[in-house]
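Please look through the structure below before reading on.

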Amino acid sequence: MTGAASPYSTGGGGVWLEHRYAATLVAALLTEDPISELGDGVVPHSVRLQASDVSPVDDVVVEGRTADGRMRRVSIGVRRDPSLTTSDEKSVPLVRSFLRVVTEHWDAVAAGRWRVALAVGISSSAVQQTDALARIARSVSSAAKFREAFARPGAANPKVRARLRHLDALVIAAVGDDPALLQVDAGELTWRWLWALRVRQLRLEGVDETDRTMAVSALRRIVANSATQLADAVFGELAERAGAWASSAAHLDVTMVRRELSGYPLNRAASYHQAWSVLDGMAHRLRDGTRPDLHSNEVRLELDRAEERTRLLAVMDRAGRAGGGVVVTGEPDVGKSALTLRAAEQLTEHGAAVASLSLRDLPASVVQAEHLLGGRPLTDVFAAGETRPVRLLVIDGAEAVLEGRRDLLREVAAAAFRAGLGVVAVTRTDGGARVREVLEAATSLAGEATAVADYVVARLTPAERRRLVETFQSLIRLSADARAEWLVGRPGLVDVLLRAGNVTETSELLSEADVFAAVWNGLVRNNEEHPLGGASPEERERAVLAVARRALNLTDSTPADVAALPQLRSDAVLRSAANPAFATGDEFATDLIRDFALCRLFLTAGWAPLKEAGAPRWTIRAMRLACQAKLLAGNTVAVWRELRRTFDELSQSEGERWAEVPMEALLTLGNAQSAIESVWDDLAADGHRGLKTLLRLAELRYVSDSVADPFTLAPVVALTYCSDRDLGQNDRYPRGMGKTIRTLVLAWLRGLARDTRSTNGLRQQVRDRLLAANPEHYDDFAIEAFATLGPDTDAVCEQWLREAATDAPAHLHPAVESFGAVTMAQTHPRLLLDLTEAYYIRRPGRNRPGRGGLHHDGIREHQRRTGFGVPFAGWHFGPFFWLLNRLPVDTFDMINRMLDHAATNRVRSTQRHEAAPSAPDAPLEGIDLDIPGIGPRRYVGDEHVWAWYRGSTVGPYACMSALMAVERYGRALGHDEEVALRCLMALTAARSLVEARALGDKEAADACGAVLNRVKDEVSA
C-alpha cells in the first residue's frame, strides 16, 4: 500500500475542503445519522483521516455496520475540482489508489463491504459525467456487459462517451508498470473502479454551504437545549480539530470525539437510551438506599457538612476535569456515601455530568454487566453519556473488591477512564488500599497517566455534633460522655441507634459491640415486641440470620422467614435485590447491618460458618465485633485465651491478618484499660511478644498522619508510659518497644491538642512522668511532649522549655515546627513567641558544641521532612501565622529582628569574601530611603535580600515563611489593614532591605498616615 495518494503529497488542493468535509462526517458519527457514501441504511461508527495503513485511498476512510451486522468501509478521495482528462496528471495518483482498492480487495468490494468515493467541491461536467458512468457500471455485473450496455444507442450522450475515453486513458496511465495492476485487464479495471465508485458533490464553499447547515441542524439534537449557536460552535470545533486529526492520522470513534468535546454540553446518544435507563435506575437505587438525613419519630436533620463537602467537592471537580481517579475512604459509618452523593448532586447543579452506582448492584462479571446494558461495551456506554467539562462516575461500595469484585471494578473504572470520565470510588478503610491498587491498574489499562488521589472523610466536627445533639435530645447523655465522642462523630451509627429507638435506655455505648447490642435488640428484634399480625422477634432474627448465611454462600443456607421480610424492609434492615429475577433473596440494606448480622451469627453458631466460608477478608469488622462481644460478656482472661488460640490457628491457613483481630477488639473495647490489665501477663509473655503486637497495631490502625484517636490510645498510654513497668519508655536513647511507646504518646498528645480548653488527667500524668525522668534539654521527645500539653502546661514545664531555649536552642524545632505549636499559640502564645525567636535566630555562643543547627545567614532552617519538589517555604511553615493571630505586634517585632539579623549576616558574610574586603567600620551594603512617616533610614541588604520578599531566591526559608505569613494575615484583615500593617512593621525599627521592599510601594506610603494609627491601636488592643 505504499505510494498512497494524499492531498499533502500530490499537490491536489482541497485541504481546507477536506477538513470541513471530515467535520460533516464526524458530525454524522456523533448524531448517529447514515451517510450516502456508506449507504442510506448504514450509520458510521468510525472515521479515519490519512488512513494509509488500511486503505490505498487514504484521505478519509469511514466504517459502519449494515443491517446484517457486517462491516462496510468506504475509502474517500477528496478533490476540489478534478478535471479527469487524459492530460490530468494530478489525478493519476488518485486513480491508481482507487485501482489498488478494487484489485487488492476485490472480494470485499464485490460483496458490497468496501466502496470507494470521490468527494468534490465543484460539480463540473467532468464529475457529473463520471457519476453517470458509475451508475451505468453498477447496473451490470461485468466489464463486458458494461461495454455492451454503454454501446447501446441512447445509453449515453457524446460527452459521456468522450469522458469514458478519458477515464480509460487515466486508468492506463495509472497502471503504468505496476505488476499488481498489470495482472488485470485495463477494461476490467475501469469497470471495477466505476462499479465501486460513489461521487459525492460537496456543498461547503462559497454561497452554497448546505452540507454545513445540515450538519449543524443534526447536531442540534445532541447539544444541550438544542441550541443552534452551540451546535454551530461544535461544528466549528470539529472543523478546527480536523487538521490536527489529519496530521496525526487519527482513528476517530464516538468515544474519542465526545471526549475531545468535553468542553461542550452534549446530550446522551439516543441509541444508548436502554443502557442509560439501567444506569439511571442504579443511581436512583443508590440514592434511595443512602439516607441523607437522620430521623427519630417526626424529627429529621440533614447535616450540611459544608466544610467537608467543599473539600471533597474540589477533589472530585479536579478528577472530573482531568479524567483522574479518587478513592474516598474513612472510618465506617462517618457518612462517606451520603457526603459523596451530596457533592455529586452539587456538581450536577453546576453543570457536571455525574453517573453513580453501587458496585454491589452490578452483575458479578463484565460480560453480565454489558449484557444488562443491552450488549453494549462499557466504554461505549460511558462515552455516550452526557458530555460536560466535569464528567464523573461515582462507584459506591467499592470495598466489594474484597468480596471477589476486583476484576469488575477494574474493568468498569478502565472503561470510564477511556471514555474521559473521572472515577470516584467510595470504600471503607479496610478496602482502601485494595481499591486504590485496582484504580491504578485501571488507569494503566486505559492508557492514562493520571494519578489516583485519596480523600479521607473525617468524623463530624464539634459544631456538627452539637447541632446533632441539640436536634435529638436522646443523644444528650452520649455527648456528655467524652468516652462516647467517637460515636456521636459517626452519623451512620447515630442513624441506626435513633431508628432502634432505645438510646436513652442503653446504659453505656463505649464500643461498637455496645452499639451492636442496642441496634440488634431495638431494630432487628423490635425491642421484643410482637405486634398483632406481625412477625415475632425470633422470626425477625431468623430471617436476618438466614440472609447472613446466604451472604457467606454457606451450603446449608435456608430461606428467610417470608412473613418477616416486609417488616424488615420497612425498617431498612433488608432490601430487595437490584435484579430480583437473578437473586436468591433479599440483601442487607447497609454494610453496617450486614456486619451486625454476621456478628450475631458468629455469636450463636460459633466460628464454624467463618471457616466454612473460607474466612473472607470482608468479614473482619464483623469478626472484631464478635470478639468484642465475647470479651464483654464472659471472663476476660478465659475468653482472651480462647480467642487467641482460635485466631492463631485461623491465621496459619488464612493469613497472619486474622491473628490481629482479637488484638484490635481488645484495643477498641469501652473498658479497654481494665481488659488489657487483665490479660497483661499473656501480653508480657515470651519477651512481651503480645504487647509488641498490640503497640504495632495501635500505631498502624489508630494513628493517621502522626495524629492518634485519643480515646483508643488512652489505655495504651496509661498502661505503658504512665506505668511503673520498665518497658524502655524512659531510656535516654529508646529503641524497639520503648521508641514505639514514645511515638504513640506523641501521637496521642497531638490528638488531644484539638481541645485547647479542657484539662486531661492522663495528660497530666504524662507531664509528671516526663518531668520525673529529668530529660536533657536536647531530647526531641521531651521538647515536643511539653510543647503539646496545651492547658495542662504548668509553670515547671514552661520553665523547662525556657531553659532549653537558653541551653540548646537549635533543638527547639519539635516545639515551634510541630503540631504543638498551633496548640501553644492558643494556650501559651508568649512562651511560643520566645521559643520561636530562640530557635530561628542563631546567636553566637548559644549552642551546644558541634550542634549549631542547619542555618543560612544566621537563621536556622525549617526541619520539615519534605520530599523532592516540595516547597521549602510557606505561610503555614513554622508558627508565624498562628502567633500573628494572637500577638500581632509582638510577632511583627520578632519577625523584624529575624529579618534584620539575616540581612546583616548576609551582607557581612559577602563583604568578608570580597576581593578587597571592606574596613570593619565601613557601613553595611544597602540603600537609603525616606519613607513617609518613618524618615530617612539606611536599609541593609543586597539584591539577594531584596528577593526574599517574594521567595524568588534561596534561603533563609524561615524568613520567607514569616513574610508569607505576614502577607496572608494582612489579607485576612482586609485591603486597608494589609497596607497599614506593612507600615506598622516600620515602627519596630526595621533595618533590612526586604522590609523596605514590603513598605516602599506607593500604596503603602499613601496609606501610612491615614490608616496606621487606627490599625495600630486596634491591633495593640
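**Helix pairs and the chain around them**

Helix H23 (residues 491-500) and helix H24 (residues 512-524) have axes that come within 8 Å and cross at roughly 40°. That angle makes H23 oblique to H24, because angles under 35 degrees count as roughly parallel and 65 to 115 as roughly perpendicular. The crossing of these helices, H23 and H24, is left-handed. On the side of H23, the contact is made by Leu493, Val496, Leu497, Arg499 and Ala500. H24 contributes Val515, Ala518, Val519, Gly522 and Leu523. The model shown here is a predicted one.

Further along the chain is another pair to look at. Helix H35 (residues 737-752) packs with helix H36 (residues 761-772) at an angle of about 135°, and their axes are 11 Å apart. H35 and H36 are therefore oblique to each other, because an angle has to be over 145 degrees to count as roughly antiparallel. H35 passes H36 in a left-handed crossing. Val745, Trp748, Leu749 and Leu752 of H35 make the contact with Leu762, Arg763 and Val766 of H36. In this contact of H35 with H36, 6 residues are nonpolar, none is polar and 1 is charged.

Next, consider Ser217. Ala227 lies in the loop between H10 and helix H11 (228-247). Ala227 and Ser217 are 10 residues apart along the chain, and their C-alpha atoms are separated by 9.7 Å. Between the C-alpha atoms of Ser217 and Asp232, which are 15 residues apart along the chain, the separation is 8.5 Å.

Finally, take the chain as a whole. How many helices and strands are there in the chain? The chain has 48 helices and 21 strands. Of its 1021 residues, 55% count as buried. The chain exposes about 43,200 Å², and carbon and sulfur atoms supply 50% of that area. Among the contacts in the chain with a separation of 6 or more, 69% are accounted for by residues 24 or more positions apart.

How values were computed. Residues are numbered from 1 along each chain as its sequence is written. This is a predicted model: local features need pLDDT of at least 70, side-chain atom pairs count only at pLDDT 80 or more; totals for chains, interfaces and linings use all residues. Side-chain values use heavy atoms; hydrogens and water are left out. Axes are lines fitted to C-alpha atoms, for helices over the stretch in contact, and angles run from 0 to 180 degrees between N-to-C directions. Helices (H or I, at least four residues) and strands (E, at least two) are DSSP runs, numbered from the N terminus. A crossing is left-handed if the near helix is turned anticlockwise from the far one by less than a right angle, and right-handed if clockwise. Contact means heavy atoms within 4.5 Å. Ala, Val, Leu, Ile, Met, Phe, Trp, Tyr, Cys and Pro count as nonpolar, Asp, Glu, Lys and Arg as charged, and the others, Gly among them, as polar. Buried means under 20% relative accessible area, exposed over 50%, partly exposed in between (1.4 Å probe, protein chains only). Accessible areas come from the Shrake-Rupley method with a 1.4 Å probe; for residues, only the protein chains shown count as cover.
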